[in-house]
Every structure is written in C-alpha cells, then in structure tokens.
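Dear colleague,

I am passing on a structure for you to look through, and my notes follow below it. Please read them side by side with the coordinates.

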Amino acid sequence: MIIVWFLLLIGPLIFIHELGHFALAKLFGVKVHRFSLGFGPAIKGMSWTRGETEYRISYFPLGGYVKMLGDDPTVEIPEKDKDRSFTHKPLWQRYLIVIAGPFFNLALPIIIYFFYFAAQSTASPAVVGTVLEGEPADKAGLKPGDKVLSVNGKKTRYWFDLTRVIRKNPDKKITLKIKRDGQKLSVKARPRLRRLETRLGVVEERGLLGIVPAFTASEIGVSDPQSPAAKAGLRRGDWILKINNKKTRYRHQLKKTLEQTKPGEVIELTILRPLKPKEADFADLRLLKPLTLNLSTAAHPDISEQESPGDKKGAYTGILSGEMFLDYIEPGSPAHILGLKEGDRIVSAMNKPLKSWFLFENILHRHKDKAIPITWKPYGQPLRKGTLRQQKKIITNEFKQEEESYIFGAFNRITHHFPDEIPIHNRVIYGGKMAMLMTSEIIYDMGLAVVQMFRGRVPADSVGGPIMLANIAQVAASKGWDVFLWIMALISLNLGLLNLLPIPILDGGHVLIFTIEAIRRKPLSLNARIYITYAGLFLILALMVWAFKNDIVRYFL
C-alpha cells in the first residue's frame, strides 16, 4: 500500500504542476507535442493522442514534463511554425508559461486550506480565561471572562485574531476594547517582548500579554503543615468548588473570595478530592470524592514571599495555587537527579519568582542548553536550591525525522476548562482568510529553511527523497484524509518553491536565463545555454543522490 499512497500523494502534485505549464502554453498558442506524467517510456495502454498533443503516463513517476515546440534550442524551427514556437514567443509570455507550474503548486494549498477551514463551523472566542500574575495583562487590569472585542481598532472575534495582533506588537502600546459584565471598557497594555528561537535556529521577537484562553480550575496546593489549610485537612490536588456556598470553581474566583476573608473567621469549604488508586480499588486518578471541611483563618505570619506567595489581601489560609506543585517525577530524569520530589513546589527559576507553569516552560525553552538555577520548597521543609541542566535527547518521530528535545522530567497537574466555541461568521470569508495566512506563513518558513540550510543552521541530512515521501504518505494516510491532504498541501508548497530556485533546468533557472536575456536584449548563445543546462543537470543529479543517500541512512541503516 505504501506505493499506492506515494502515487496518490505525488501524482496530483505533478499533474497540477504540469497543468500550469500546459494551460499557459495553450493559452498563448504554443504547440504542445506531449503532456507526460512521469519519465521514460509510456506504460502500455496509458498513452493517447488528442489533436496535436500526446498524453501519457510513464513508468518513472518522479516528475513530469510538457514537451513544447521550440523548447529544445538544438532543433531548428521551420519558418511556418515559428508563430507557435515557445522560443519565438514574446519574453513575457515565456515568463508566464514557465512560472505557471510553480504557481499552480503554490495555489493548490490555498484551495486545500480553504476547504479545510471553511468546513469548520465553530472556533474559540476571544475571551480571556486566565491572566498570568505579574504579566502585562495583569498590570493592565484584564480579568478572566473579559471578552476582547478589538485590538487597535481591529475586530477580534476569535482567539486566533487576538493572539495574532498581540504577537505582532512586542513592547508596543495596544488598546483593547473589552466587554465585562455587560459593560464596554477600554484597556491599554504593552505586550512584553519575548525572544523565541525557532526550530530553524532563528530568533523571533513576539509580543506576550500573559493571557490564556482556558480557565484554570481552583486546584490547590499546601506547603506548610502548620497552616490553617493543612490543619483543616486540605491536600495538594483538592479542588475547592465553594467557600461558604459561594462558587469558586476557577482560580480567579477562589482568589477573589479568599481576599475577602478576615483573620479568625471560620469558612466552609466544599471540595472534590482525587482518590488514589488504592482508595478507588482501580487506577483511575480522575475519580473525585466530594468533601466538606471547615477552615479557621489566621493573621498572616511574618514569612517571606517565597515561603507564602501571593498578596496579603484577606486572611492567611495557607491555600496556594496547585499549578507549581509537582505531581510526577520521571525516574532518572534531570529533575529526579536534582532531588525534586512529588509534592514539591517550584518557587523560582533563573532567580525569577514563578506563579505560572507556562512561564516556567518559557524559561526551560529559552535556556534549554544552559544551567538553570532553581529554588523549590518541599512540603513542611525549608527552601532548597539547585542547578538544573536539561537532558538533550534526539527523538525520531513517526515520519522518521530526527527532532531535538530537552528533558526536564517533572510534571504538574492542573485542570483547564475552555469556554464554549462560538459559530464562525461567514465561513467562506473565514476560510479564505485563514487559507491565505496559513499558506503565506508556511512559504515564509520554507524559504527561511532553505536559507538556514545554506548557512549550516539546518542539517543537510534533513533533505529527503522518494523513500521519505513514500513513508510520509503512508503515515499521513493512516491518520485520515484530512491529514493526508494537509501533507499534500505542504509538499505542493515545497515543490513550488523548489522549482523557483535559480538552478538551470528548473523553472527558476529558465526565469533567470530569460532575465539575463532581457537585460542583454538578446538571447544567449546556443553553446552557453547547453553549458548552463549541463551545469543545472549536474546540480540536480547531485541533490537527488544526496537525498537518496539520506533516505538509505534514515530508513535502512
């Protein structure tokens, strides 16, 4: 079946490419001798003639060609046929005929992405779920539940619209029009500049506002065994649903309610507690047990911010957000070697206080190959400090591509709830916009990858040939037609860009030659064109040998 999926993947792409050349040639009156999918002799019974053109499917399906009158400079064209010769057509027509193939390949993904996105009926709304403490959104006064109507005058109905504007405005003031509790408000904020190194080795500057689309559940942690929370019987992982019958399902609700408590007050907590496997008689950590507890609040003790994070509003309860508490430590991992244990709370990294796992992951990513000073607090014990070095691993993904990964080895557990998705208004416009954005971003990334490969930032062994394409086709097909078509769109973009490279015998090489002729105002000599063609052929053959070598190493050695 792998051969079938391979042909189903590249067959349409070759057809689309050659169709571009064929259609423009016919449009400008160029005589087309042959339209071939594949190289070599035609498969028996797969060749037929319509009018002046032979159509065929050939044995070697690694490309195709459109044979036009006048495309071979060594063949002399009779005077009566010169008006239908490719060589004798105006330069602008030859330009269009040549670039039509790559253009069709670049256009196909737009069509695929259009139908993919237009088929979607709902999308995530531009509603703030969680506001990260200390981040620009928090300082600007944004709150969970705020609906963002526009940013700098641009409508932001969907979460995608919102994040796109924020990312494009690092360290720049933006104005957000929001709706809160039925009222429309204006909020000014300055997204924090975040430098992120991409997989292509390029550092991108993005804006970070500090908002998350999901609401964070009110799962808690307890660090101090002498705190009111511990004395009341609260544990790490408890989910506080109500305080004095007031709903506190989400963290922001819990925080607001606790800020209103007074020292010496007894509050009633309604909680859900995850049962351990031995308590549940089977390994289902999702099973929750309802409980009601009473907690006596106290005055805030004279301890450091790291010992008891958060502001001092309200009474002291010892109830902490469960987000920075560790739930699982992978044996033998850097976290395990450092001495981290289940129930420990990560306090700081790179000497920066942490209240969000999201920001902790940012630090791990930015300093993946460096020593990271970490402070943590075990349950009932003083703060501890250590230096973390993440473990570098090379992982082979399902497409047999090697990926670099850095392992920390400790994980938290926190529940997030996403708001209900909303209907997409005018799915045709939405599909068109998303298709254009997706295609343009992928083209940019692919172009950047080529540049980085020449600079040595992207390994040359990442180049693959027909064996890799066949494997990709089979894996994509196993995941469903949506994934298969998505991969087809990526390969089509790759094929289009590859053919635009200024290498002789590729379409980009022809464009380069036409440009030189336009500058010189006369065609190149026959010998020059022959030498250029041989040089291009050598480069392409060398690339094919290199790609095939990589395939052999990747799949068979």
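Two strands are taken as paired if DSSP finds at least two bridges between them, and the strands themselves are DSSP runs of at least two residues, numbered from the N terminus. With that in mind, R345 stands opposite K377 in strand 22. Please also keep in mind throughout that this is a predicted model.

**The sheet with strands 20 to 23**

Strand 20, residues 345-349, and strand 22, residues 372-377, run antiparallel to one another and are joined over 4 bridges. They belong to an open sheet of 4 strands, in which the order is 21-20-22-23 and the pairing is antiparallel. Strand 21 (352-353) and strand 23 (384-388) are the edge strands, and because each has a single partner strand, one side of each is left without a neighbour in the sheet. Strands of a sheet pair, as a rule, through backbone hydrogen bonds, in either the parallel or the antiparallel sense.

The C-alpha atoms of M324 and W376 are 9.6 Å apart in space, although the two residues are 52 apart in sequence. M324 has a relative accessible area of 4%, and it is therefore counted as buried, the limit for that class being under 20%.

Strand 16, residues 266-274, pairs with strand 17 in the antiparallel sense over 9 bridges, and within strand 17 the bridge partner of I267 is L295.

Between strand 14 (239-243) and strand 15 (246-247) there is a loop that holds N244. The phi angle of N244 is near 50 degrees, which is a positive value in a residue other than glycine, and with a relative accessible area of 41% N244 is partly exposed.

**Charged side chains**

How many salt bridges does a search of the whole structure find? The search finds 23 salt bridges. One of them joins the side chains of R84 and E52, with an N to O distance of 2.6 Å. This pair links distant parts of the chain, 32 residues apart, since R84 is in the loop between strand 2 (53-68) and helix 2 (91-118), while E52 is in the loop between strand 1 (32-50) and strand 2. R84 counts as partly exposed at 28% relative accessibility, and E52 counts as partly exposed at 31%. Both residues also take part in a network of salt bridges that links K26, E52 and R84.

The side chains of R94 and E517 meet in another salt bridge, at 3.6 Å from N to O. Because R94 lies in helix 2 and E517 in helix 13, this pair ties together parts that are 423 residues apart in sequence. R94 is counted as buried at 13% relative accessibility, and E517 is counted as buried at 8%.

K255 forms a salt bridge with E259, in which the closest N and O atoms are 2.8 Å apart. Here K255 is partly exposed at 36% relative accessibility, and E259 is partly exposed at 23%.

**Surface patches**

K143, K246, K256 and K313 form a positive surface patch. Among them, K313 sits in the loop between strand 17 (288-296) and strand 18 (320-321), and K313 is exposed, with a relative accessible area of 53%.

A nonpolar surface patch of about 650 Å² is made by I505, Y531, Y534, L537, L541 and M544. Y534 lies in helix 14, residues 526-556, and counts as exposed at 54% relative accessibility. I505 is in the loop between helix 12 (481-499) and helix 13 (507-520), where its phi angle, near 80 degrees, is a positive value in a residue other than glycine. I505 is partly exposed, with a relative accessible area of 35%.

With kind regards

Technical notes
Residues numbered from 1 in each chain as written. Predicted model: local features only at pLDDT ≥ 70, side-chain atom pairs only at ≥ 80, totals over all residues. Heavy atoms only, no water. Patch = residues over 30% accessible without salt bridge, like charges linked within 9 Å, V, L, I, M, F, W, Y side chains within 5 Å. Areas by Shrake-Rupley, 256 points an atom, 1.4 Å probe, with all protein chains shown as cover. Salt bridge = Lys/Arg side-chain N within 4 Å of Asp/Glu carboxyl O. Lys, Arg positive; Asp, Glu negative; His and termini not counted. Charge placed at Lys NZ, Arg CZ, Asp CG, Glu CD. Buried < 20%, exposed > 50% of the residue type's maximum accessible area, 1.4 Å probe, protein only.
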